[in-house]
Amino acid sequence: MKARKILFFIFLGLLLLPLLNQHLKFIDSGEIYGIARTPNTTFSWAKWWDGSYREEKERYINDSIGFRQDFVRITNQVDFSLFGKINAGWIKRTPDNYLYYDGYLRAQCGADYAGDGYPYEILEKLKFLQDTFQKQGKLLVVIYAPSKANYFSDNLPPLPECKTQGKTNLQNYIRIGDSLGINQIDLNSWYLTFRNKKTDHLIFSKQGIHWTLYGALFATDSIIRYTENKMHIRMPHPQWSEIEYSYTARRTDDDAGKMLNLLIPIKEKFSYPAIHYCDDTTLTKPKTIYIGDSFIWTLIFDGILNHANTNGQYWYYFKDVFLTNYDEGPVAQIKDYKWPDEVKKADCIYIMHTPPNVTSLGNGFIEQAYAYYHPQ
Amino acid sequence: MVFSSIIFLCYFLPIFLLCYTLISRRYKNSLILLASVFFYAWGAPKFIFVILGTTAIDFYIVRFMNVSAGKAKRIALLCLSLSINLGLLFYFKYSNFFVENINHVLSGIGYKNITWTKLILPIGISFYTFETLTYVIDVYRGIHKPLKNFWDYQLYIILFPKLIAGPIIRYHDFAGQIYDHIEHETAELKLRGLYRFFIGLGKKVLIANVVGAAADAIFAIPNNELGTATAWLGAISYAFQIYFDFSGYSDMAIGLGMMMGFRFPENFNNPYTATSITDFWRRWHITLGAWMREYLYIPLGGNRVKHKWRLYFNLWFVFLASGLWHGAAWGFVIWGAYHGIFLVIERLFLLKWLTRIGKASFIYSFVVVVIGWVFFKIEHLHASLQYLHTMFSWHQDISNWLPTNEFWSMLSIAAFFSFCTLSPLIVKLQAKVYHLDYTLRRHYTMFTISVLLFILTAGYITLSTFNPFIYFRF
């Protein structure tokens with residue numbers, strides 16, 4: 001009987017541990033990636049009466065109970081290892097653990113196709129801006145950043161909406177852009193030619209949504225060459241000779257993998273070139289503005305763009321303004337920023353989007369700049 | 001509050017068990033009562049007063065009835081109590097349904113609809129109303145004396161393990177336990193209660209929720225896209241969902257009761273191994289069946305009626321009432337009537353044939369039950385018939401629904417645990433796990449399994465924010 005009493009008290013202790021750890025925090029279980037903290041709620045009789053206190057309190061307790069992170073990781077690992085299941089709704093995987101954001105899969109098969117005529121209005125405005133800036137000696141370029149789903153199109157996870165291949169927004173935007181004479185770089189096609197060359201280095205990692213640093217360096221080189229050609233200047237190019245290999249991901253190379261919140265992360269070998277820059281002062285570093293989605297981050301990390309540009313600015317989704325010291329966070333919100341003045345000072349403006357985001361090309365910049373330079 | 005929530009698992013349960021273990025014997029019932037009131041008020045703050053108020057009224061009506069000398073007075077007080085309880089049940093549960101149908105008829109004949117504000121159903125009203133009825137009827141019949149202490153009666157009705165979704169415990173089965181449960185509070189029973197609780201939680205979270213998600217997805221597929229095979233898969237998934245969800249809840253309730261020394265009746269006995277529908281109802285929601293038999297079927301005459309047609313009618317009527325008890329929709333009524341018809345047919349001739357087939361007749365029972373669950377799930381006649389039409393005529397599947405590895409695994413596990421007791425060996429094993437005292441070695445094994453179940457179920461629960469039981473709304 002004594003042994004049974006001891007077992008009962010041990011179990012009772014185990015049941016109490018999460019509650020105790022939540023309040024006393026004697027064991028730190030680390031962070032769960034991708035989940036926002038749920039705020040606590042305050043009691044009021046009115047909230048108790050209408051049931052909202054219960055809902056908010058239960059949600060808070062559910063999300064902040066002690067060892068929650070461990071519970072989540074164990075559950076995710078069980079699901080992943082036994083069933084190949086991912087508990088992050090927007091991530092899909094192949095049997096060999098290539099992870100994709102489902103938006104890229106939909107963009108790849110054309111499930112999000114906006115229609116043949118959809119891009120005309122925005123691209124015509126873009127053409128007007130391109131011509132206007134050209135008269136001012138500025139360069140405006142649209143860069144279609146590469147999609148992992150496009151690069152690995154022969155090895156994609158199934159998606160119910162993607163039973164058949166349809167027209168894609170990317171193809172439509174490029175086609176119309178070509179017909180209008182828009183400056184555009186299609187990194188998707190360029191990367192596919194690169195794929196044919198066998199390499200041990202990753203352009204896209206298994207568990208990243210974004211391109212790797214290695215992949216981004218080739219894109220940077222391509223963007224710089226395009227700019228040099230258009231503006232008849234010579235710019236510094238990033239160079240690398242040594243490559244460091246690591247099983248620990250840096251920056252965004254495992255951003256999707258992190259979202260899985262597994263006990264045992266997916267094993268992968270990453271390549272990190274040691275970048276060095278030319279200090280040739282005869283080379284030109286144009287003042288640049290980059291507008292677009294999160295693929296630009298990889299170009300900003302380690303100062304890659306800064307070494308090729310002067311006073312570089314990054315307008316994230318045309319919403320937050322980042323300068324070269326991006327670690328300090330956004331310096332302003334676009335709505336409070338005198339962005340037309342910055343455009344006047346810039347030499348080059350790049351609008352860069354990945355295929356799922358092309359239908360919101362410029363995130364409002366094109367429309368607002370058009371309104372500024374073409375008042376009715 | 002639901003058992004499959006972090007607030008219950010990691011706050012309410014351990015704090016309650018700790019306080020219950022440490023508190024003096026004299027105050028244990030008070031603690032259980034306070035915890036039960038908190039448990040119900042947490043989830044239903046508006047209705048706690050309904051349940052407290054009605055139990056207070058019932059207690060004094062029954063006390064008065066017990067001391068009344070004249071039969072007429074006793075009958076009048078009985079009728080008063082029945083009217084209040086059934087009236088409240090009808091008001092909260094069936095008035096929406098009643099008004100909807102009246103308005104449907106009025107619209108049909110061109111009259112203006114009745115204006116009506118839809119009512120919210122108090123959690124567990126069907127369960128505690130039936131328990132209240134057993135109290136008043138058992139006292140009326142003289143089977144058991146009424147409780148002397150008002151708080152003891154509150155404890156019987158509001159006892160949190162069984163308050164929301166049963167088992168339905170008849171008063172005469174529980175009356176003595178109010179006082180003697182403390183004597184049964186051994187470490188053995190407490191541990192077995194913990195194991196039982198986590199087995200139930202595992203059934204609910206690990207099996208029922210997974211197959212239930214698939215069932216929901218399949219039943220949501222538009223009829224023109226749904227294929228025959230997928231329709232069957234959906235119906236079978238729902239059959240497993242409702243079984244593991246409800247039997248899991250009952251396991252949890254029984255386990256919690258055991259931790260306090262209460263011995264609740266079993267509510268399920270491997271129903272999908274039943275060799276007939278008659279047998280099925282001896283194994284499914286056993287406490288509801290017992291209630292219906294004792295308080296409806298027998299008062300209607302039971303088996304001792306003069307004419308066979310009266311017996312068959314009583315049988316069918318009781319199942320019609322069972323269907324209606326489950327919910328205020330035609331689907332439930334039809335489900336009940338459907339089972340009633342099979343019970344009558346089996347009584348007429350079918351049982352003899354099934355006995356000759358032997359254990360293999362569980363296939364017949366399972367198919368009949370699965371078909372019945374379609375009415376239960378969909379709740380509306382026309383849509384149910386459309387779904388059944390898809391099940392019984394060939395349609396190619398053109399939907400986007402794809403079964404996952406997890407679904408197939410859990411479906412297989414559900415099927416295994418549903419049918420494994422066809423083997424006498426497994427029946428013996430089940431008895432060892434559920435009913436017999438454990439050796440220390442078996443305790444170590446079950447302790448380990450229960451800890452693993454706690455970790456896994458807590459993990460799955462934290463991945464969702466709210467996880468209600470299927471029978472919660474009754």
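In this predicted model, A:Asp336 counts as exposed because its relative accessibility is 59%, which is over the 50% cut-off. The side chain of A:Asp336 meets that of A:Lys335 in a salt bridge, with N and O 3.5 Å apart, and A:Lys335 is likewise exposed, at 68% relative accessibility.

Over all chains, the count of salt bridges comes to 33, and another of them joins B:Glu266 to B:Arg196, whose closest N and O atoms are 2.7 Å apart. Because B:Glu266 lies in the loop between helix H11 and helix H12 of chain B, while B:Arg196 belongs to helix H10, this pair ties together parts that are 70 residues apart in sequence. B:Glu266 is partly exposed, with a relative accessible area of 27%, whereas B:Arg196 is buried at 5%.

A further salt bridge links B:Asp279 with B:Arg283, at 3.2 Å between the closest N and O atoms; these two residues both lie in helix H12 of chain B, four residues apart, which is about one turn of the helix. Salt bridges that share partners also join B:Arg196, B:Lys203, B:Asp251 and B:Glu266 into one network.

In chain A, A:Ser29 is found in the loop between helix H1 and helix H2, where it is buried at 9% relative accessibility, and its side chain makes a polar contact of 2.5 Å with that of A:Asp70.

Definitions and conventions:
Residues numbered from 1 in each chain as written. Chains lettered and ligands numbered in written order. Predicted model: local features only at pLDDT ≥ 70, side-chain atom pairs only at ≥ 80, totals over all residues. Heavy atoms only, no water. Buried < 20%, exposed > 50% of the residue type's maximum accessible area, 1.4 Å probe, protein only. Polar contact = N/O pair within 3.5 Å; in protein donor to acceptor, adjacent residues only side chain to side chain. Salt bridge = Lys/Arg side-chain N within 4 Å of Asp/Glu carboxyl O.
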